[in-house]
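Let's walk through this structure together, moving from single residues out to the whole assembly. Please keep the sequence and the 3D view open as you read.

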Amino acid sequence: MEKAYKVLLVDDEVNVLNALARSLRKEPYEVLIAASEMEGLNKLYVSRVDLIISDYKMPVHDGVEFLKRVAADYPDTIRIILTGHADMEAAIAAINEGGVYRFLTKPWDDQDLRITIRLALEHLKLQRENRALSAEVHKQKQILKDLETEHPGISQINKDETGAILI
Amino acid sequence: MDQMSAPNILILDDDLFARVVYSEILSKAGYRVSAFGTVAEAIEAFRGNPTGVVLLDLFLGDENGIKILPQFLEISPDTSVLIITAHASLDTAVEAIHSGAYDYVVKPIQPEDLVNAVRRGREKHDLRAENRRLVGELIGQVHQLELIGRISTTITSTLELDPLLNLVMEHTQNLLQAEASSLMIMDESGLELRIAVALGPKAEKLEHQTIKLGQGIAGWVAAERKPLFVPDTSRDSRFDKNFDRDSGFQTRSLLAAPLLVRGKVVGVIEVINRKDGRAFSDLDLGLLLSFSPHIAVAIENARITDDLKKSHEKLESRVNERTRELSQALGDVEKSNVQLKHAQAQLIQSEKLAGLGQLAAGVAHEINNPIGYIQSNLNSLQEYFQDLLGLISRQTEFLSAWKRKDREKISELARELDELGRKTNLDGLVSDLGRLVDETRQGTERVSKIVKNLKAFARADSGKPEPVNLNERLEETLTVINNELKYKAEVVREFGDIPRVMGMPGELNQVFLNLLVNAAQAIPKRGEIRIRTFAQDGHVGVEIKDNGAGIPEENLPRIFDPFFTTKAPGKGTGLGLSVAYGIVEKHKGRIEVDSKVGQGTRFTVFLPTGE
């Protein structure tokens, strides 16, 4: 059975990635791991990732820079930070500049992490549904508009005093 | 040029701009300055007018300043030579001090520092000159004293006044067959006689009594400068009867003679009552007068000796006083040195604490990573066990059904087991168990290593130098600041086979920490930090090289100055390098720096192996 969502974990420590993957192994989404920002960008490019969890301080690139780039290239992806640097300035920068959904600190609580991811995915699902629905509504409206141009008055519905529709 | 307008400071610097600036500063402070750009000119001028202070730039274009220094001192040893040096060459400045410079001023020159240093130099020069003059004076006095002493001993056997006079009076009394005798010495005012020697019965009562000029027989003799022969005191109105009343002695007849040296009365000699009861005669007076001049000369000699001794003592006490003052001044300097050392130690401590605070955040991350996955892995392990226990209990049920040959149950459980095995991903779980335990163990090892190194790093030194393996110290420091470095740079270690050095491990950690943190901060995005250790000429060298921003040339002389920082306010104390410099200096080592903007910086710490 194909899982509906893909979650990408990015951290420069493989042991952290393995532990996270273990604690998420029974969750109803697929877990991908990347041990560097480059690998992370690669996975993003190859698979459609719904949610990304990343440390914000990593070798090569600043984690915030990485997340900014993800936000720019994949705006539909939910971004969560998981870091050992519990420093407020960084958290604010990450949330403002990186458009981060949540800021989690290490050591993390497995249960909290799982709940956070589920809520985020629900959030994402709602977003997508909402977008799909608005698109549908928009499409319907367009059809109506087209009909009205071809047959003026066709979208007008007239009723009599009893509520019966007049044709 | 007259004395008033003659320069009292000479400046030798090949940099015209520097000459103008120094001249300006010192002229404003009231000094008369002459400045020269070449050694030859300066030496020639100095020979004509050896100034009290010479300002000497260490790195003259043509000759090294240290080699010129003795030339000045040879011409005028009292001159204070003040060295101007760049901070990076402080060791040379120290060398200059060993060669006779009295102090150094570090570039860039602060006007007040320069003026103060010159003022100290002048004071030192004046003190040295005055001391030299005093010593010369003293030597002259001693020579004079020795000469007089030699002449005097040919006349008298002793220069000690009191024993000499006693001896003379005993001889005189015996010679004149007198019952008693006394010797009176004129005081410095010339108005009063003091009884210096009194011999005979009741004589002790007279000792140290004084007689005014004109009072009694002795007073008359001193005033008139004439000898006197009194056959019967009861018939002479000049005799002061109070003496007899005071002493309880009866004076019948006496002889008195003034003691004259070059016409000046130095004392009076009196002999009293002939032992045979007869009155003194002219003959006796003649006898007394025949040797009284010798006594006079002896008294005068002894007095001169005494005076000389006193002035010698006075001089000596002046010299002693001056020496005391000097040594006190020296003591004050030492005291302020101790205070400075103390303040420096406190600075080092506070810098260390600031550094530790900064490290704490980094170390927290280092520890939070492994703690994170250790905790998570333990949770997963528990879940694995629950899954496995569920499987085992189903398998046990399956086995008992197998034994009962309950076919229906067997097929039901087989289906369940199959499904459960798939659901728990049994194969994956079993193969992951070993990895999980391994990784968790790695985590605990990492945490304990970090804590151990942090403890080693932060420990207080015992206060006594101990053998230190710098490679180990560097490893320790690197673990502690790994978090600061790994996001900025690739750390390349080129550790050589190096001997131990004697030192304070904690302080040396601080030095490496400061240099490594600086290196990381100098790198804008990502670069390389190369750490090399090597042994060279009785030293161990530790080279820390980055390929970061580099230090602008105008900042290079100031980087070791306390509180010098190019970071934003509140971002750096400006003490890191200054503290490092202080520590290395304390270890009798040195720090060399080599930097190019855009290419990077190399700091090399040299520490003596102390063989």
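A polar contact here is a pair of N or O atoms within 3.5 Å; within protein, one of the two must be able to donate a hydrogen and the other to accept it. Keep in mind also that this is a predicted model.

With that cut-off in hand, let's begin at B:Thr233. The side chain of B:Thr233 reaches the backbone oxygen of B:Thr251 at 2.6 Å. You will find B:Thr233 in the loop of chain B that runs between β9 (228–230) and α8 (242–247). Is B:Thr233 buried or exposed? Its relative accessible area is 3%, under the 20% limit, so B:Thr233 counts as buried. If you set aside the neighbours within four places in sequence, the residues in contact with B:Thr233 are B:Phe239, B:Thr251, B:Arg252, B:Ser253 and B:Leu254.

The side chains of B:Asp232 and B:Arg235 meet in a salt bridge, with 3.6 Å from N to O. B:Asp232 is partly exposed, at a relative accessible area of 32%, while B:Arg235 is exposed, at 74%.

Now turn to helix α1 of chain B, residues 16–28, where B:Ala18 is found. B:Ala18 has a relative accessible area of 9% and is buried. Which distance separates B:Ala18 from B:Asp57 in space? From C-alpha to C-alpha it is 9.4 Å, although the two residues are 39 apart in sequence.

Let's step back to chain B as a whole. The chain has 14 helices and 18 strands, and 43% of its 611 residues are buried. Among contacts in chain B between residues at least 6 apart in sequence, 67% join residues that are at least 24 apart.

Over all chains, a search of the whole structure finds 37 of them. One is formed by the side chains of A:Asp76 and A:Arg48, at 3.7 Å from N to O. Here A:Asp76 lies in the loop between α3 (63–73) and β4 (78–83) of chain A, and A:Arg48 in the loop between α2 (37–46) and β3 (51–54), so the pair ties together parts that are 28 residues apart in sequence. A:Asp76 is partly exposed, with a relative accessible area of 22%, whereas A:Arg48 counts as exposed, at 55%.

Another salt bridge sits within a single helix. B:Asp418 and B:Arg422 both lie in α10 of chain B (residues 407–423), 4 residues apart, which is about one turn of the helix. Their side chains meet at 3.5 Å, N to O. B:Asp418 is partly exposed, at 49% relative accessible area, and B:Arg422 is exposed, at 61%.

Finally, look at where the two chains meet. The size of an interface is often given as the accessible area lost when the parts come together. Chain B and chain A bury about 2100 Å² between them, 41% of it on carbon and sulfur atoms. The contact takes 25 residues from chain B and 24 residues from chain A.

How many salt bridges are counted between chain B and chain A? The count is 7. One of those between the chains joins the side chains of A:Arg25 and B:Asp387, at 2.9 Å from N to O. These two residues also belong to a network of salt bridges that links A:Arg25, A:Lys26, A:Arg114, B:Glu383 and B:Asp387. Across the interface there are 16 residue pairs in polar contact. On the side of chain B that touches chain A, the elements giving two or more residues are α9 (282–404), α11 (426–458) and α12 (470–486). The largest share of that side, 14 residues, comes from α9(B). By class, the side has 6 nonpolar, 11 polar and 8 charged residues.

Notes: Residues numbered from 1 in each chain as written. Chains lettered and ligands numbered in written order. Predicted model: local features only at pLDDT ≥ 70, side-chain atom pairs only at ≥ 80, totals over all residues. Heavy atoms only, no water. Buried < 20%, exposed > 50% of the residue type's maximum accessible area, 1.4 Å probe, protein only. Contact = heavy atoms within 4.5 Å. Buried area = accessible area lost by both parts, 1.4 Å probe. Salt bridge = Lys/Arg side-chain N within 4 Å of Asp/Glu carboxyl O. Nonpolar A, V, L, I, M, F, W, Y, C, P; charged D, E, K, R; others polar.
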